[in-house]
Amino acid sequence: MQKRLGLSLNAFALQKRMQNRRFKLHWLDWVLLIGLTALVVYVWQRIGGALNYSWRWEIIPNYIVRWHTEKEQWVPNLLLQGLITTIRISIYASVLALILGVILGVARCSKNLAVRMLSRTYLELLRNIPPVVVVFIFFFFLSEQLVAAFNIEGWARGIARQEDKAVWEFFFGDMRRFPSLVSGVVVLALFESAFVGEIVRAGIQSVGKGQHEAAQSIGMTKTDQLRFIVLPQALNKVVPPMANQFISLVKDSSIISLISVQELTFKTVELVASTRAIFEAWITTAAMYFLICFGLSLLFRRLEKPNQTAAT
Amino acid sequence: MSDNAPTIQATHLDKFYGKFQALKNVSLSVQPGERVVICGPSGSGKSTLIRCINGLESHDAGKLVVDGIEVFEGSPNLRQLRQEVGMVFQQFNLFPHLTVLENLTIGPIRVRKIPKAEAEASARKYLERVRIPEQADKYPSQLSGGQQQRVAIARSLCMETRVLLFDEPTSALDPEMINEVLDVMVDLAESGMTMVCVTHEMGFARKVADTMVFMDNGEIIETGPPSQFFTQPKTERCRAFLEQILVH
């Protein structure tokens, strides 16, 4: 019995390999493909017929880039503006989340009980509250205070009034919107840092006892052990889950549209409200998110390969 | 510290792992330049003893003074002690993310605060000494076990330690690589380094040891010069052990 199973598994593997080589379709593939096509046609019919929806795809490109008649050049419109903001926020939040996450991960492995308990509490709180609720709580309780306390609003307005604000705008977009950008980045980073922290902790704990002992035996301090021996190895090992986490961050960034950060999702809501092109707008937005996230995952997959050979 | 004080002075050491007593009333004295080989069946406390000497394990009772520094758990001088006492592990424990040269220089640079160029020069000198100067820029995973262990020895030497502890340095090696490591160790022994080795390599022990120590069940059963130790062991347990490992 077992032998037969092994044989059929072998045959299956062989068949699969051959398929991979020739892209030959099995009869089951045909059934699935036909079924899928039928489903798509059916949904299409429903939208066109029952909902009486008239497609207006032609208006969408204009909301990605439009011709600026005064400047006489192409400028980004709603969707592209939103996409750029999403990218900006994702980059800043990733960097901040990585920094916070490393601190959190190290704290989770601390010998000090109070430090360990604090980091654990932070982590459990953020892991067991829905992200939307976290976003609201952070926004109303923390971000507002933060923006007020550092007078970020006044400072940003000052820059917005300046003449040479090109560099600032390249990095942060419209400076009048800077406070909301900061809130968005902070909220997102705090939220994601909990998960990054867990990944870092797993990495630290995967570094063997022998490494600690070897570092101790040449007289290194605890801090130096962490900095030169443990963390470099730990971070190297967690590149794949970390990459996934950053892709999640890009997707999660849509949540902060709820606190009026003008990123892609927020802009799409605006677009839908003014044009009623519900399907076209959301499909375009979905495609944009997909392109970024899928592109990132392809990129990370490429980057991982040389890393893995260096680690082992 | 006067010149004739022993480098390692252990008196009545006890060590427990829970209820299991790993060291029982162990006393050992090692003079400067002395080569001590500790042998005994597995689980006899050899590794525990050697790990206590540089504070990787802490003893529960007794007194341990190494190089003039008293060793106890939480001692602020442990780091200073470890700069004087090198350790070579059974599993090499090289840092896999650093090149061979970086493995050797990280201690001198970060701990002894020696300038990088100087540390690298001395690292290359020690690589020469362990006979693998050409491997400096490789990563540990690219080396054979024997080469890795020689790098580990060089890493300890780079710290300019006065004492080297070896915890079964050849036990994880393929048989054909054991000799290349032992040759380096014989070399070191002849240069006058104070050494404490836990090993089953009796040929090596006969060649370099000033003192043989036999341990069993956490106790030191017998101590003596190799000439007498190998030919006329005083105790029955030691004789049985030697017969077992020398018969092949």
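Across all chains of this predicted model, a search of the whole structure finds 12 aromatic pairs. Rings of Phe, Tyr and Trp (its six-membered ring) pair if their centres lie within 6.5 Å; planes under 30 degrees apart count as stacked, over 60 as edge-to-face and the rest as tilted.

Begin by selecting A:W67 and A:W74, an edge-to-face aromatic pair with 5.4 Å from centre to centre and 75° between the planes. A:W67 counts as partly exposed at 43% relative accessibility, and A:W74 counts as exposed at 58%. Here buried means under 20% relative accessible area, exposed over 50%, and partly exposed in between (1.4 Å probe, protein chains only).

Next, select A:F139 and A:F140. Their ring centres are 5.1 Å apart and their planes stand at 65°, so this pair is edge-to-face. A:F139 is buried, with a relative accessible area of 14%, while A:F140 is partly exposed at 48%.

Then select A:Y92, A:W155, A:F170, A:F171, A:F172 and A:F178, which ring pairs link into a cluster.

Turn now to chain B. Select B:R155 and B:F95: the charged end of B:R155 sits over the ring of B:F95, 4.6 Å from its centre. A charge sits over a ring if NZ of Lys or CZ of Arg is within 6 Å of the ring centre and within 35 degrees of the ring normal. Finally, select B:R206, which lies over the face of B:F230 at 4.7 Å from the ring centre.

Residues are numbered from 1 along each chain as its sequence is written, chains are lettered from A and ligands numbered from 1 in the order in which they are written, and side-chain values use heavy atoms, with hydrogens and water left out. As the model is predicted, local features need pLDDT of at least 70 and side-chain atom pairs count only at pLDDT 80 or more, whereas totals for chains, interfaces and linings use all residues.
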